[in-house]
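The sequence and structure are shown first, and the points follow by topic.

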Amino acid sequence: MSILTAVITLGLIAGIFGLLLGYASIRFHVEGDPVVDKIDALLPQTQCGQCSFAGCRPYAEAIANGEAPINQCPPGGETTILALADLLGVEAIPLNAEHGEEKPVATVAIIDEQVCIGCTLCIQACPVDAILGAAKQMHTVIEDECTGCELCIPPCPVDCIEMIPLKETLETWKWPLPEHTHTAPKI
Amino acid sequence: MTEQSNRLSTFHGGLKLDGHKTMSLTSPIGKAVIPAKVIIPLHQHIGDTGELLVKEGDKVLKGQPLTLSSSYVSAPVHASTSGTIVKITDHKIPHPSGLSAPCVIIETDGKDEWTEVSPVEDFRQLDATELRNRIRHAGIVGLGGAAFPTAVKLNPGPDQKIDTVIFNGAECEPYITCDDMLMRERADDVISGIQISLYALNTNNGIIAIENNKPEAIGALNQAIKKSNATNIKVISMPTLYPTGGEKQLIKVITGKEVPGNGLPADIGIIVQNVGTMAAIHQAIHFGKPLISRIVTITGKGIKKPQNLETLIGTPMADLIAQCGGYKDDAEHLVMGGPMMGFTLTTDQLPVIKGCNCLLVETSELQKKSRPTMPCIRCGECVRVCPASLLPQQLYWYASSKNFDKVQDYHLFDCIECGCCAQVCPSQIPLVQYYRFAKTEIWNLERERQKSDHARMRHDFRQARLDKEKQEREERLRKKKEMLAKKQQQENAESGEEDPKKAAIEAALARVKAKKEQAGLTPKNTDNLTAGQQKLIEEADKRRNQSKAE
Ligand code: SF4
Ligand code: SF4
Ligand code: SF4
């Protein structure tokens, strides 16, 4: 009997929550712009602002509105430009050097924990909450979450943040392209 | 019991290669000397690394687990002999990258003392889950080279009925003979392991598939089958054709069935297991011994005494080479695996791992074939030999031009990297290198995409948090203001006074006025005025006084 009550109660609760969630998903549904979404999906999400926009999505919106060319994202580099050109059916153009250069290797921020004074300024700058720490406590960067945007470097009053190249692991190692590449004939 | 090969199917392409097998078959399986140090990489398989159970300075016994696997697709590693852990550190491991990975380094004590083991007398007393658990804790992985955790392969899932298990004794790649020797010398162990696997998979149809260039192995297995009265296992002898030992190719030859493109053999009710893995299962169940050694073929024209050695996992390759008489003068390259699918190592200071079936020492003679690469002449030779029925020249074209979408449209991931295409290519194009390049590039792109999706999520989350915080701050501020205003009103009502703010302002204004009057309303910049200026001021004062009077 008590089992039955429990099952019914739980069932009811589940039902109510289901309805609530269903309502919420309709009521609070955000209409995403599909083109912006598609462009945003191709941007590297470093959120560094080098494109002169306040992050990848604003840049995606600007591209979608025809307000910005596709060659302003240094972290994405050639790959991103090619992908954007492909998506939008426009000509690929070289990266605009005014916005920066493509980094040859991915980097992540590292905090010198001896020097850090725990001012929290870097935490406020980090666009993806990759820095851990509280006021007057030593701070540290979660390597896996860091996008390498370098936004935390200028605010640090004691210059204790450095960008280091990401270490190659067995998972990230890639076979090199063989040296003697001849152009294959056109089909 | 041995079936005739004329009832068998064939796969597309393939190559007849020189076996070069006899050179390592002249002596029985030897025992590799216990080295001074064993270097045991924590990750020797497909899947996750286990958690470390030991620390530097610990004394360990042979067979003692060094890691614990908590995730499903994983395998623990064990101490391969007794001794003291001197270091847990990154050490170079056998991998085409030449990179280092975490290893446990044990200084051996020479006693080779076993830890406590729990043998199972009759495996039929246990259920399949318990058997799989034991196989899992024994760290057994596919010993054919892929090193996929065996316990996972033995668990195809409740709704996947397995009706045939093929035990792969093809050993189709040149030079390698470790499975051949194992089947000849330890046929009983292999059959025993096969019985355990068939029991765990709940099927009665075991097929041992062997290339017909191994009559001794076929004979030994047939005898072992007869001895144990195993009616559920039969041996099939297949034509010798590279790469018959490839999983999909083997299934095609034995059953005539094709494994669907992105599918697994289990999807069509088949599982393929290596014969060496079966011997390891036998050890794990009947003796309770984990996988701490394997047979390695040390061979090639560049080694003095080619042979097979039962080797402790973690033994430095240099020790094995030394035990085989050392390198010949014309030795050029050390390859792990065979000449077709193996990869070149840059040093012999590397440990033997579970997936290391062969160490091949190549001479300059073998390498001379590598004449300069020429452009593709579209002769189609590669298409003719590809056992995966691919178009290697198209794959090459798209891989070299980094067109990673197209190269996948041409089924890059069906390529088994057998090397047949590169072997026959008259232009000497290192085709497989291009495919490996493209595969790792594509994996990397996928990883980057996942990473950026994750970053987007974190960024959105942070944005939402900041917005919420701002809203909350504003809300708090508004509430505070309201509260203050209310309080004021109340106070005013109580004291019956005017609004104190207003009063304060008025008081301030009054003070300013008083000050002005005190100064006599005389502007401060009226010294040294010209007569004209003086006149203008007087006129203005007059007008002002007039308007005031009015
Ligand atoms: S430049 Fe930085 S913020 Fe702009 S799109 Fe590229 S990664 Fe995103
Ligand atoms: S065998 Fe070599 S030359 Fe011939 S088609 Fe294939 S890649 Fe081109
Ligand atoms: S290496 Fe790949 S493409 Fe070349 S023959 Fe083998 S399966 Fe076919």
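In this predicted model, the shell around ligand 2 is made up of 10 nonpolar, three polar and two charged residues. The shell around ligand 3 holds 15 nonpolar residues, together with one polar and one charged. In chain A, helices α2 and α4 pack against each other with their axes 9 Å apart.

**Ligand 2**
- Ligand 2 is surrounded by 15 residues, of which Cys376(B), Cys379(B), Glu381(B), Cys382(B) and Cys425(B) are the closest.
- Two helices of chain B, α10 (381-385) and α11, each contribute at least two residues to this shell.
- Helix α11(B) provides the largest share, three residues.

**Ligand 3**
- The shell around ligand 3 comprises 17 residues, and the closest are Cys386(B), Cys415(B), Cys418(B), Cys420(B) and Cys421(B).
- Elements giving two or more residues to this shell are α11 (392-400), α13 (420-424) and α14 (431-495) of chain B.
- Helix α14(B) gives the most, with three residues.

**Helix pair in chain A**
- Helix α2 (residues 34-42) and helix α4 (residues 77-88) of chain A meet at an angle of about 155°.
- Angles over 145 degrees count as roughly antiparallel, and α2(A) and α4(A) are therefore roughly antiparallel to each other.
- The crossing of α2(A) past α4(A) is right-handed.
- On the α2(A) side, the contact involves Lys38(A), Ile39(A) and Leu42(A), which meet Thr80(A), Ala83(A), Leu84(A) and Leu87(A) of α4(A).
- By class, the residues of this contact are five nonpolar, one polar and one charged.

Technical notes
Residues numbered from 1 in each chain as written. Chains lettered and ligands numbered in written order. Predicted model: local features only at pLDDT ≥ 70, side-chain atom pairs only at ≥ 80, totals over all residues. Axes fitted to C-alpha atoms, helices over the stretch in contact; angles between N-to-C directions. Helix = DSSP H or I, 4+ residues; strand = E, 2+ residues; numbered from the N terminus. Parallel < 35°, antiparallel > 145°, perpendicular 65-115°, else oblique. Left-handed = near helix turned anticlockwise from the far one by under 90°. Contact = placed C-beta atoms within 7 Å. Nonpolar A, V, L, I, M, F, W, Y, C, P; charged D, E, K, R; others polar. Near = placed C-beta within 6 Å.
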